[in-house]
Amino acid sequence: MIYIVPANHPAIAGHFPGNPIVPGAVILSYLAEHARQQGIAITGIKRSKFLLLLKPTEPFLIELDAASGKFTIAAGDEGSRRVIAKGV
């Protein structure tokens, strides 16, 4: 499923004026919601690494492996997606 954080999301205003980015906590909240939609209970995140910035309105895709708990979040349009975060 493709997700988009709207430019008017309340967390965007402070991160950072003039050069907005989506905070990691917001990205992880989308991961938690994605997991719930898949029937997966997230009890914690052992480690995560944010590799690149996500801009508001930029489409992103979440891949979550229920067996291992590993996740990857990739942003951009199909054909030009890049991994922005991963973890377990």
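## Largest pocket

In this predicted model, the largest pocket has a volume of about 270 Å³. Its lining comprises 15 residues. Those nearest the centre of the pocket are Ile42, Thr43, Gly44, Gly69 and Val88.

Sorted by class, the lining of the largest pocket consists of nine nonpolar, four polar and two charged residues.

## Aromatic pairs

Three aromatic pairs are found when the whole structure is searched. One of them joins Tyr3 and Tyr30 in an edge-to-face arrangement, with 5.8 Å centre to centre and 80 degrees between the planes. Tyr3 belongs to strand 1 (residues 2-3) and Tyr30 to helix 1 (residues 24-37), so this pair ties together parts that are 27 residues apart in sequence.

Tyr30 also pairs with Phe60. The geometry is edge-to-face, at 5.5 Å centre to centre and with 70 degrees between the planes. Because Tyr30 is in helix 1 whereas Phe60 is in strand 3 (residues 60-64), the contact ties together parts that are 30 residues apart in sequence.

## Ring cluster and burial

Through these ring pairs, Tyr3, Tyr30 and Phe60 are linked into a cluster. Tyr3 and Tyr30 are both buried. For Tyr30 the relative accessibility is 18%; the residue therefore counts as buried, the criterion being a value under 20%. Phe60 likewise counts as buried, because its relative accessibility is 0%.

Technical notes: Residues are numbered from 1 along each chain as its sequence is written. This is a predicted model: local features need pLDDT of at least 70, side-chain atom pairs count only at pLDDT 80 or more; totals for chains, interfaces and linings use all residues. Side-chain values use heavy atoms; hydrogens and water are left out. Rings of Phe, Tyr and Trp (its six-membered ring) pair if their centres lie within 6.5 Å; planes under 30 degrees apart count as stacked, over 60 as edge-to-face and the rest as tilted. Helices (H or I, at least four residues) and strands (E, at least two) are DSSP runs, numbered from the N terminus. Buried means under 20% relative accessible area, exposed over 50%, partly exposed in between (1.4 Å probe, protein chains only). On a 1 Å grid over the protein atoms alone, a cavity is a set of points where a 1.4 Å probe fits but cannot get out, and a pocket is an open set with protein on both sides within 12 Å along at least five of seven lines; lining residues have an atom within 4 Å of a point. Grid points are joined across faces, edges and corners, and a volume is the space filled by probe spheres set on the points. Ala, Val, Leu, Ile, Met, Phe, Trp, Tyr, Cys and Pro count as nonpolar, Asp, Glu, Lys and Arg as charged, and the others, Gly among them, as polar.
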